[in-house]
Amino acid sequence: MWSPEREAEAPAGGDPAGLLPPEWEEDEERMSFLFSAFKRSREVNSTDWDSKMGFWAPLVLSYSRRQGVVRLRLRDLQEAFQRKGSVPLGLATVLQDLLRRGELQRESDFMASVDSSWISWGVGVFLLKPLKWTLSNMLGDNKVPVEEVLVAVELLKEKAEEVYRLYQHSPLSSHPVVALSELSTLCANSCPDERTFYLVLLQLQKEKRVTVLEQNGEKIVKLARGPHAKVSPVNDVDVGVYQLMQSEQLLSSKVESLSQEAERCKEEARRACRAGKKQLALRSLKAKQRTEKRIEALHTKLDTVQGILDRIYASQTDQMVFNAYQAGVGALKLSMKDVTVEKAESLVDQIQELCDTQDEVSQTLAGGVTNGLDFDSEELEKELDILLQDTTKEPLDLPDRPKCYTNSVPNPRISDAELEAELEKLSLSEPDLVPSSKSPKRLLEPTL
């Protein structure tokens, strides 16, 4: 934002915001041409006119964006773009062209375009536009005075969006209304001075995303609840909530100060005790007790206020849910307006009829595929029984035993002692098994 400090920081002939093109220092002939005044009319030499305008107009807007300044003045631009002691003589014409294209707007015209009854015109923050500007506009003189403030329209919109996002992501958004001073503190980095802050609020008001009301000499702000929502007017509920919030802050501050006082009385009693001044210590303790009783009473009141606020917020949520239900009922009625029980029954009958028809078609197609080759299951069972009887009477035609297997397997030679030992193991593991003396040999002896 424009200020004497910032102006002092920008050295004459320097590179403002680091945006000057290379020819600024290298091409003397080119810069001499660019620093000269415009012709009275573009028709005299349109090429020279367009060349100068194509250089200076983007440079002015870039300077505004790089510096983050919404408000521009001819005098400040002339100082910012000094080069070797010379100032651009055509900047006034450049600003006129930007005004004509709508990229800049006179601050006075912008404020007049917004219903800003909450602004104290002529007192402190904003001043009425000078009479000479008004007369010059009425008489058709479009010259830009060196002190007239111009607003960078696009940058102002971006600033307004930035401020709204800051509010949405801050604890202030949990309340329906906030104090103007609190919002100003929140936006200190985006709006480093009061004039820029008020311009941003005017832009938000123009977009119907903020409304400002003066209550008991203090301005309170209400912002839209969503990025695409429109703000509703400040009502009695909003004012009541704001007053409760103020009461909550006052009570909390009072409780904190009394707690410090009680701690101070306690420390005084401790020091009096150490000094042997019993009466003084007792008085300090009595003062501490009285303070603690006041703190307890204030805590009760603070709980009551916070409870009321919680109920108000809950009722607002309930209202939102109610509105959602109501909208849902309306939508459901519209979607069901052509649906009746009779129509539903008729539709079900039609579906059932179509399903029956489909089943009949499927059965017909299945019968057509077999081509009359249906078989009686009883006849098939009888035929199967006959086959089984025939197979039991006829010997099985099995292949001969391969000779190679007979000769290839050696005839094991197992001694009687080995058989007796194996049997003994079996007897120990299975007590019920009582073999005869001949049985092992008879049972285990391989067949020759």
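This is a predicted model: local features need pLDDT of at least 70, side-chain atom pairs count only at pLDDT 80 or more; totals for chains, interfaces and linings use all residues.
**Entry 1: the strands around β3**

I then asked which strands pair with β3. Strand β1 runs antiparallel to β3 and is joined to it by 3 bridges, and in this pairing Arg73 stands opposite Val149. Strand β2, made of residues 104–106, is also antiparallel to β3 and is likewise joined to it by 3 bridges, with Gln105 standing opposite Val151.

**Entry 2**

Next I turned to strand β5 (residues 210–215) and strand β6 (residues 218–223), which run antiparallel and are joined by 6 bridges.

**Entry 3: salt bridges**

How many salt bridges does the model hold? The count comes to 21 salt bridges, and I looked at several of them one by one. I kept in mind that side chains of opposite charge can pair when their charged atoms come close.

I took Glu107 and Arg71 to begin with, whose closest N and O atoms are 2.8 Å apart in their salt bridge. Glu107 lies in helix α7 (residues 107–112) and Arg71 in strand β1 (residues 71–73), so this pair ties together parts that are 36 residues apart in sequence. Are these two residues buried or exposed? Both Glu107 and Arg71 are buried.

I then looked up Arg209 and Glu161, which form a salt bridge with the closest N and O atoms 2.9 Å apart. This pair, too, links distant parts of the chain, for Arg209 sits in the loop between α11 (194–206) and β5, while Glu161 sits in helix α9 (residues 153–168), 48 residues apart. Arg209 has a relative accessible area of 7%, so I list it as buried because the cut-off for that term is under 20%. Glu161, with a relative accessible area of 29%, is partly exposed.

I also followed the salt bridges that share partners, and these join Arg73, Arg75, Asp76, Glu79 and Glu147 into one network. Arg73 was already in my notes as the residue opposite Val149 in β3.

The last pair I looked up was Asp50 and Arg42, where the closest N and O atoms of the salt bridge are 2.7 Å apart. Asp50 is partly exposed at 37% relative accessibility, and Arg42 is partly exposed with a relative accessible area of 36%.

**Entry 4: a negative patch on the surface**

I asked which residues gather in a patch of negative charge on the surface. The patch is made of Glu342, Glu345, Asp349, Glu353, Asp356, Asp359 and Glu360. I checked Glu360 in more detail and placed it in helix α14, which covers residues 341–370. Glu360 has 52% relative accessibility, so it counts as exposed, the cut-off being over 50%.

**Entry 5: Ser62 and Leu19**

Finally I looked up Ser62, which lies in helix α4 (residues 46–67) and is partly exposed at 31% relative accessibility. Ser62 and Leu19 are 43 residues apart in sequence, and I noted a C-alpha to C-alpha distance of 7.5 Å in space.

Technical notes:
Residues are numbered from 1 along each chain as its sequence is written. Side-chain values use heavy atoms; hydrogens and water are left out. Two strands pair if DSSP finds at least two bridges between them. Helices (H or I, at least four residues) and strands (E, at least two) are DSSP runs, numbered from the N terminus. A salt bridge is a side-chain nitrogen of Lys or Arg within 4 Å of a carboxyl oxygen of Asp or Glu. Buried means under 20% relative accessible area, exposed over 50%, partly exposed in between (1.4 Å probe, protein chains only). Patches are made of residues with over 30% relative accessible area and no salt bridge: like charges are joined within 9 Å, nonpolar side chains (Val, Leu, Ile, Met, Phe, Trp, Tyr) within 5 Å. Accessible areas come from the Shrake-Rupley method with a 1.4 Å probe; for residues, only the protein chains shown count as cover. Lys and Arg count as positive and Asp and Glu as negative; His and the chain ends are not counted. The place of a charge is taken as NZ of Lys, CZ of Arg, CG of Asp or CD of Glu.
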